[in-house]
Amino acid sequence: MIESLRNKFVKERFDLQEILLVPVFATVLALLIGCFFLLATGESFANIFVAYSSLFIGSLGSLNAISETFTAATPLVFAALGIALAFRAGLFNIGAEGQMIIGGLATVIVGFSIDFLPIWIHLPLALSIGALFGALYAAIAGWLKAYTGAHEVISTIMLNLIALRLLDYVLRSPIIQKEGRNDPISKSILDSAELPQILAFIDPQLRLHGGFLLMLVAVFFIYWLLFHTTIGYEFRATGANPNAAKYAGIKAGLTIVLVMAIAGALAGLAGANQITGVLGRASPGFSASIGFDAIAVALLGRSHPIGVLFAGLLFGALIAGGRLMQVKAGVSVDLITIIQALIIVFIAAPLLVKKSLPWFFK
Amino acid sequence: MISIELNKISKSFGPVKANQNINLKAKGGEILGLLGENGAGKTTLMNILSGLYLPDYGEILINDKPVKFDNPGDAISAGIGMVHQHFMLVPIFSVTENVILGNEETGLANYLKLSEAEQKVKEISEKYSLLVDPKEITERLPVGTQQRVEIIKVLFRSAQVLIFDEPTAVLTPQEVTELFNIMNSLRESGKAIIFITHKLHEVLEICDRISILRAGEIVGAADPKTASNKELASMMVGRPVNLSLDRTTSKPGNTLLEVRSLSVLNEKQDTAVSNISFNVKEGEILGVAGVQGNGQTELVDAITGLRPKLSGEILYFGENMNTISPRKIHQIGIRHIPEDRQKSGIIGNFTVSENLILNNYYASPYSNNYAMDWSKVNDESERIIHKFDIRTPSANTLAENLSGGNQQKLVVGREMSDDVDFLIASQPTRGIDVGSIEYIHEQLIESRNHGKGILLVSTELEEILTLSDRIIVLFRGEIIDEFGTNPTPEEIGLAMAGHPRK
């Protein structure tokens with residue numbers, strides 16, 4: 001099943017029609033079908049227009065909107081890059097959510113507990129520790145797969161649950177819990193561990209932070225890793241044909257552990273990014289199922305780093321625009337979830353997109 | 001008696017014209033041979049006949065009346081039956097259960113009338129001398145008998161036209177003879193038979209008429225009484241083909257590979273190779289003959305480090321190789337053409353050039369330990385593509401878009417492009433066209449003339465006979481017989497079936 005999924009969602013090369021055209025039209029179709037849902041719930045045409053226009057304005061209509069879109073896209077792209085990388089190596093990493101939580105938690109601890117370092121050491125340290133713990137956590141699933149054969153889908157789902165409950169547990173421990181609070185919430189990280197806002201010179205209200213630039217670096221790093229390094233060749237060979245990889249002398253076990261570790265590092269960075277760039281502290285559910293949405297982003301981006309970047313920006317736009325839509329049109333933000341799901345359905349059935357809009361696909 | 005006629009059948013898949021303007025006619029009481037290379041459009045044509053595809057154009061006439069098959073059921077009720085190359089049998093079912101599957105007669109309260117069906121299977125089996133026990137469990141039967149179950153399945157549905165799709169691919173020479181006897185008795189009883197194959201001598205032996213398919217078109221017909229192998233081959237390929245190779249006698253040198261008392265287990269932990277010993281010298285081709293599944297895969301896997309050996313020793317240049325891994329094998333200069341190119345020889349989703357470095361992607365000049373140098377890879381790819389005549393639009397075309405023959409040339413080119421001492425060639429020409437077979441055979445002979453050692457594993461008796469200097473025959477994991485120069489095909493065929501010379 002995973003193999004057929006992989007064939008559907010992994011595009012080995014950047015194919016304009018497959019990577020750009022199909023996703024764009026999938027989105028258009030999903031928005032159109034979204035209209036029917038709104039009509040069915042008794043919304044007027046006028047209000048549907050308000051909803052969709054505020055979806056657009058809220059995501060792209062102003063500098064603040066764009067800042068919000070990019071801010072929402074950043075952790076999605078981080079985590080989705082890891083999922084895409086694993087997918088290319090033939091592994092279905094469902095565990096980005098858990099890896100994000102563990103990474104974010106490690107970052108929080110480093111962020112509030114070390115108070116003598118300057119920002120240029122403290123911040124990179126906090127981010128690296130987040131990546132490291134994400135990597136170690138994901139490597140557990142990789143190791144289980146390589147040396148016992150336990151399927152990564154099962155083990156990463158279970159590790160998600162463990163991470164989620166572990167978070168709830170440690171947030172109440174006196175070392176981590178904020179002083180004077182009874183609810184599970186961590187201490188706040190120090191200023192020296194915060195990602196700087198990069199548009200603050202225009203307007204201090206703009207939340208976009210340095211994590212966005214790091215994310216762009218990560219996109220190009222993963223692109224380089226996959227297509228221009230020897231390890232990337234091994235990853236892709238292992239994913240595309242495990243038998244041929246074995247025949248080529250590639251050690252499957254080592255590759256699996258390494259792939260999962262890199263995927264986990266990226267998810268860990270997604271968590272660290274949220275802590276140091278947006279939230280400043282950890283609370284139950286701070287990961288906000290970004291690790292699960294990232295699976296959809298990776299699929300939509302056809303597991304190609306550039307595709308993942310655009311898919312992440314689209315999902316970020318839907319999230320940012322969805323907030324304004326809720327305020328202006330009173331439409332529940334659940335519509336965004338429906339639209340996201342519809343996009344994935346259309347991506348999974350590219351023939352449906354091509355048949356619905358035949359004049360765009362020759 | 002039934003007659004079936006195809007009238008101007010055409011079928012395209014996108015830009016690919018799989019069948020163009022095909023006219024064919026088969027009558028009851030005759031065997032029509034349909035000869036063509038892989039990719040000539042045979043399978044598409046048969047899928048149209050059996051109702052899996054609708055033709056874009058043209059019609060099918062049965063007894064001069066046009067018919068239209070919307071699904072395989074329509075074709076079956078019109079009396080057309082396919083004997084598939086890959087058997088469609090449930091291994092744990094009895095012969096009768098397999099035969100009636102999808103066509104079960106039931107009585108009161110859905111009671112399966114198994115004993116009546118068994119009786120009918122027995123009658124069919126006796127009528128056409130198929131000799132199958134209706135109660136036997138299918139997986140216990142030898143391959144040749146399983147094929148007979150497929151034939152009974154078709155006859156049980158009262159087929160008048162029987163299509164045999166490459167039926168001899170999995171059979172021993174003796175089983176082929178028995179199959180031909182069965183086909184003869186079917187012909188005598190008035191069935192129309194369409195026999196699809198790319199093996200020339202088979203059509204000459206059994207068919208009444210021959211049609212040749214090339215690039216989706218019928219390019220000619222031949223009379224088996226007068227046609228020669230050579231004529232048929234050139235019609236099939238579209239140019240003159242050299243079927244016999246010029247071979248000098250071998251001048252064997254030092255021993256390259258020596259296998260001593262090797263035993264290997266298969267996936268089910270049964271002994272697949274049991275206590276075998278042989279050697280291969282410089283400048284000779286050792287042929288390993290045998291029906292598929294007699295331990296060849298496990299033997300090659302053990303030598304190339306893809307599978308652990310149970311016991312025994314493998315020596316290369318007289319040195320005992322204790323631990324064997326695919327990478328080590330490659331580094332010491334052994335090359336391996338794997339038996340199944342789709343499974344492990346190529347990565348379909350990779351480009352031709354990415355495939356050409358599959359075994360040494362990590363080494364200089366392609367990689368400097370961590371980063372790939374794609375321009376070096378492309379230079380080397382262009383060289384191999386040119387040298388081995390791999391027909392591809394470019395080095396950046398995905399390997400899955402090449403024809404089977406060119407995919408195989410890609411594998412052969414990769415494994416034979418550098419100057420090494422030893423080559424293991426497993427089924428080097430399976431499922432590819434005559435032109436490519438000719439080319440690959442020439443390459444193998446040339447290597448051997450240059451003093452290289454070659455272990456040739458093939459289930460094609462003809463290939464073994466054409467190329468080998470010495471032959472060992474594997475039967476149930478053991479070397480049942482060994483032959484020097486000039487063995488007769490009959491002797492080897494008997495050994496393949498488990499009857500060695502005394």
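Two strands pair if DSSP finds at least two bridges between them. In this predicted model, strand β9 (residues 209–214) of chain B and strand β10 (residues 217–222) of chain B meet that condition, with 5 bridges in the antiparallel sense. One of the residues involved is L213(B), whose bridge partner in β10(B) is I218(B). The hairpin formed by β9(B) and β10(B) has 2 residues between the strands, and A215(B) takes a positive phi near 50 degrees there.

Chain B also contains an open sheet of 4 strands, in the order β12-β11-β14-β15, with antiparallel pairing. Its edge strands are β12 (271–281) and β15 (319–320) of chain B, each of which pairs on one side only. Strand β11 (residues 255–265) of chain B runs antiparallel to β12(B) and is joined to it by 7 bridges. In this part of chain B, E258(B) stands opposite N279(B), a residue of β12(B).

The domain assignment divides chain B into domain 1 (3–237) and domain 2 (247–326 + 452–502). A distance of 35 Å separates the C-alpha centres of domain 1 of chain B and domain 2 of chain B. Contact between the two involves 4 residues of domain 1 of chain B and 7 residues of domain 2 of chain B. On the side of domain 1 of chain B that touches domain 2 of chain B, 2 residues are nonpolar, 2 are polar and none is charged.

In chain A, helix α14 (residues 334–348) was examined for its length and for the burial of its residues. At 1.5 Å a residue, the 15 residues of helix α14 of chain A should span 21 Å, and the end C-alpha atoms are 21 Å apart, which agrees. A residue counts as buried if 20 or more other C-beta atoms lie within 10 Å of its own. The buried residues of α14(A) are L335(A), I336(A), I339(A), Q340(A), I343(A), F346(A) and I347(A). These residues lie on the same side of α14(A), because they cover an arc of only 140 degrees around the axis. On the other side of α14(A), D334(A) and A341(A) are exposed.

Finally, the contact between the chains takes 14 residues from chain A and 21 residues from chain B. Helices α9 (230–240) and α10 (242–247) of chain A each supply at least two residues of the side of chain A that touches chain B. By residue class, that side of chain A divides into 6 nonpolar, 6 polar and 2 charged residues.

Methods
Residues numbered from 1 in each chain as written. Chains lettered and ligands numbered in written order. Predicted model: local features only at pLDDT ≥ 70, side-chain atom pairs only at ≥ 80, totals over all residues. Expected span 1.5 Å × (residues − 1). Buried ≥ 20, exposed ≤ 12 C-beta atoms within 10 Å, placed from the backbone. Arc of directions from axis to C-beta. Domains from an automatic or database assignment. Nonpolar A, V, L, I, M, F, W, Y, C, P; charged D, E, K, R; others polar.
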